[in-house]
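Here is a friendly tour of the inner spaces of one protein model. Have the structure open as you read.

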Amino acid sequence: MKLCRFKNLHKEIHIGLIADDSTILDLAPAGITNLQPLLESEDLPAQLSALTTQNLPRLAFSEVQLCAPVEQQEVWAAGVTYLRSKKARMEESDFSATAYDRVYVAERPEIFFKSLAEKVVPAGEPVGIRKDARWSVPEPELALVLNSRGQVVGYTIGNDMSSRDIEGENLLYLPQAKTYHRSCALGPCIKVGVTEAEARSWKIQIQIQRNAETVFTGETSVGQIKRTFEELATFLFRSQTFPHGAVLLTGTGVVPPDHFTLEENDVVQIDISGIGTLQNTVVRV
Ligand code: DO4
Ligand code: MG
């Protein structure tokens, strides 16, 4: 089952349950006006199944505008969780190579703050590349949706937009390389009722188009992530509280070749087999 946030024709934000490829069930008449109480539910799949038996209004996708599937959750990101990411970072910077090498095998994962919910870019809106960066890439990542108890209650697609030249120059510049205007996209929906084992069989694919031509494609599998979801969530929640829950990006396993940088108007499409498609154009910010 897939949950989404959407704006209706009156520009009101509602919560929906995606019924099929073309229809959304509007949960507002069932008294559900926010995601958070649902995500805190002890048995979300059962609650959603019960909702499907109600006679709720059905809306066509063409009648709605999807919003990012976050309300007040902070968005965090794990890094260097795939071997491919470790190798790419070590090549990118002599200065930081040892740090990336060590964190890949360390007990404590790399976890960094990525975005406030209100700054998250939804599917269909532009993601940003920094004006002062020369080497910008998308990072297609599975994102864990966590409730306030640190439990994985769903999954969405994340794009951890990054400035590799800034990150490579000095590790202390990581927050500037990772967290800037329009640097985090999430969407299009939250897939619920899926075990970690099932999610690990999903494929992550990315395609970048420039002037209607494909300039990069890449693919990995969620199963290539070195750490378990529970391990990542447990570290995020250590000595920290998230009363609204949190979203945690799980790292990238797809890295374009070193000569590749994103340009304005490129179209980035990320597909995760169990979730759907997150597509955004690129704007310089
Ligand atoms: O420290 C670098 C960031 C790594 C990252 O974002 C990733 O591996 O996805
Ligand atoms: Mg990343």
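Predicted model: local features only at pLDDT ≥ 70, side-chain atom pairs only at ≥ 80, totals over all residues.

Residues are numbered from 1 along each chain as its sequence is written.

Let's start with helix 3, residues 83-92, where Ser85, Lys86, Ala88, Arg89 and Glu92 are buried (under 20% relative accessible area, 1.4 Å probe, protein chains only). Down the helix axis, these buried residues fall within an arc of 165°, so they line one face of helix 3. Their cover includes helix 4 (97-105), helix 5 (164-169) and helix 6 (174-178).

Now for the spaces. On a 1 Å grid over the protein atoms alone, a cavity is a set of points where a 1.4 Å probe fits but cannot get out; a pocket is an open set with protein on both sides within 12 Å along at least five of seven lines, and lining residues have an atom within 4 Å of a point. There are two cavities of 30 Å³ or more.

| Space | Volume | Lining |
|---|---|---|
| Largest pocket | About 240 Å³ | seven nonpolar, four polar, five charged residues |
| Largest cavity | About 70 Å³ | five nonpolar, three polar, seven charged residues |
| Second largest cavity | About 40 Å³ | six nonpolar, one polar, three charged residues |

Closest to the centre of the largest pocket are Lys119, Val120, Tyr180, His181 and Arg182.

Methods
Chains lettered and ligands numbered in written order. Heavy atoms only, no water. Buried < 20%, exposed > 50% of the residue type's maximum accessible area, 1.4 Å probe, protein only. Helix = DSSP H or I, 4+ residues; strand = E, 2+ residues; numbered from the N terminus. Arc of directions from axis to C-beta. Contact = heavy atoms within 4.5 Å. Points joined across faces, edges and corners; volume = space filled by probe spheres on them. Nonpolar A, V, L, I, M, F, W, Y, C, P; charged D, E, K, R; others polar.
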